Amino acid sequence: MAFNALIVNKDDEGKTSAEVTQISEDDLPNAEVTVAVEYSTVNYKDGLCIGPGGGLVRNYPHVPGIDFAGTVESSNDARYKPGDKVVLTGWRVGEAHWGGYAQKARVKADWLVPLPDGLDTRQAMAVGTAGFTAMLAVMALEGHGIKQGPVLVTGAAGGVGSVATAILANLGYQVAAVTGRPETEDYLKDLGASRIVARDEINETVKRPLEGETWGGCVDAVGGAMLARVLGQMEYGASVAAVGLAGGAALPATVIPFLLRGVNLLGIDSVMQPYDNRLRAWERVAKDLPIDKLEAMVQPATLSDLPKLGADILKGQVKGRVVVDVNA
């Protein structure tokens, strides 16, 4: 039986186009578990895969969507049976493998985790890859010890930043939220931010490798010059969890913060995380992310909205979490 999917094609001149098309189960890739997808999300990588490809997509036609939640329809793996609720993030699904922008997906059993207690499939995708990454970042900061000062969250109005702000505030930390969009200040304060930092105050490098010890920890979704600047403002022994590169991949920094202040730069990868870490992070999400705050982040969408949303997120014009109802 045919079902809807967002299919991206590339023409002979290298130009991509995306539209909702009907496909069948025979079109799906070979793997152990077929899932009736209920919800997916829109992330920066999705914007690349819907649009220019960004070097992520290997073959066309392609179904993007780097995460999804839904119900198992069939399984050749004993770990999952029909009716099980599952979540998928990472493993290059939606990039190298067909992803969640379809009403059905077929994936390897190793890539799935059971839906955590306390969350439904829609809530799980309100969390999605961005929220899962945010939780991994918070856990990494906790593992190295969060210091006295406020915890800085850069790119705070985006998906990772929004969830990180809500989790950190719920755990009792003072959160300083960096944004370049003044219209998001009320939104960030509602998530729990106690202080708003204008992006212009912090997004340029300075000649001094060290400034005043200001931040007790940082979740950085921006990278580039802003990350370099933040490293010189961390308290002694504090850590920065690096989760993104919206501001660029280059790091125009010195080693001085590491040598004189013992600052830690922690790389956060959500794509290839081991299964046990995934379970731990999802359990923490269900416990430590206030669901009412989560709902405030959600922007609902359908498959037909995705081409525009993909372009918007690449321009930094998407706030919070886009939850895609693939059956709407």
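**Notebook: Gln174 and its chain**

I began with Gln174, which comes out as partly exposed because its relative accessible area is 48%, and the exposed class starts only over 50%. A reminder to myself: this is a predicted model.

Next I looked up where Gln174 sits. I found Gln174 in the loop that runs between α3 (159–170) and β9 (175–179).

Which residues does Gln174 touch, leaving out those up to four places away in sequence? I noted Pro150, Val151 and Ser194. With Ser194 there is also a polar contact, side chain to side chain, at 3.1 Å.

I then checked Gln174 against Trp91. Their C-alpha atoms lie 33 Å apart in space, and 83 residues separate the two in sequence.

Then I turned to the whole chain. I listed nine helices and 15 strands as its secondary structure.

The accessible surface of the chain is about 13,900 Å², with 48% of it belonging to carbon and sulfur atoms.

I looked at contacts too. Taking those between residues at least 6 apart in sequence, 70% join residues at least 24 apart.

My last entry was charge. I have 30 positive and 39 negative side chains in the chain, and the centres of the two sets are 5 Å apart.

Notes
Residues numbered from 1 in each chain as written. Predicted model: local features only at pLDDT ≥ 70, side-chain atom pairs only at ≥ 80, totals over all residues. Heavy atoms only, no water. Helix = DSSP H or I, 4+ residues; strand = E, 2+ residues; numbered from the N terminus. Contact = heavy atoms within 4.5 Å. Areas by Shrake-Rupley, 256 points an atom, 1.4 Å probe, with all protein chains shown as cover. Lys, Arg positive; Asp, Glu negative; His and termini not counted. Charge placed at Lys NZ, Arg CZ, Asp CG, Glu CD. Buried < 20%, exposed > 50% of the residue type's maximum accessible area, 1.4 Å probe, protein only. Polar contact = N/O pair within 3.5 Å; in protein donor to acceptor, adjacent residues only side chain to side chain.
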